[in-house]
Amino acid sequence: MKAILVITFGMILWASVFYRLVEGWSWLDSIYFSVVTISTVGFGDFSPETAAGKIFTMFYILVGLGIFVAAATTIANTILKQSDDKGDSGDA
C-alpha cells in the first residue's frame with residue numbers, strides 16, 4: 001500500500017514541478033491542477049497554454065489515471081478489511 005501511495009504523490013509532485021516550470025503557474029495552482037487532473041475531476045478553470053504542457057498533460061492523464069485508481073482501490077480495500085476485522089473479532 002505504501003508503494004502505490006508514494007507513486008501517486010510522486011506523480012502529483014512531478015506534474016506540479018512541470019507545470020510550475022513550463023506553464024509558469026504558482027505552486028498552489030500547479031498542485032491544484034495536478035490533483036484535479038489525476039483524479040479526473042477537471043473543473044476546467046486552468047489548462048495548459050504551451051504545446052509542451054498540453055502534450056505532458058495528455059501523458060499525465062493516461063498514466064496518472066491508472067495510478068490514481070490503483071491508489072484509491074488500495075485505500076478502499078484497506079478500509080474495508082479493517083472494518084471486516086473489527087466486525088469479526090466479537091463473533092464466534
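1. Thr37 sits in helix H2; helices here are DSSP runs of H or I with at least four residues, numbered from the N terminus. The model is predicted, so local features need pLDDT of at least 70 and side-chain atom pairs count only at pLDDT 80 or more, while totals for chains, interfaces and linings use all residues. Residues are numbered from 1 along each chain as its sequence is written, and side-chain values use heavy atoms, with hydrogens and water left out.

2. Thr37 counts as buried because its relative accessibility is 11%; buried means under 20% relative accessible area, exposed over 50%, and partly exposed in between (1.4 Å probe, protein chains only). Neighbours within four places in sequence aside, Thr37 is in contact with Thr57, Tyr60 and Ile61, contact being heavy atoms within 4.5 Å.

3. Ile61 belongs to helix H3 (residues 51-88). With 37% relative accessibility, Ile61 counts as partly exposed. Ile61 and Thr40 lie 8.1 Å apart in space, C-alpha to C-alpha, and 21 residues apart in sequence.

4. A nonpolar surface patch is formed by Leu13, Val17, Leu21, Val22, Trp27, Ile31 and Val35, with about 620 Å² of accessible area together. Helix H1 (2-23) and helix H2 (27-38) are the elements that give two or more residues to this patch. H1 gives the most, with four residues. Patch residues have over 30% relative accessible area and no salt bridge; like charges are joined within 9 Å, and nonpolar side chains (Val, Leu, Ile, Met, Phe, Trp, Tyr) within 5 Å. A salt bridge is a side-chain nitrogen of Lys or Arg within 4 Å of a carboxyl oxygen of Asp or Glu. Areas come from the Shrake-Rupley method with a 1.4 Å probe; for residues, only the protein chains shown count as cover.

5. Leu13 is in helix H1. Leu13 counts as exposed because its relative accessibility is 54%.
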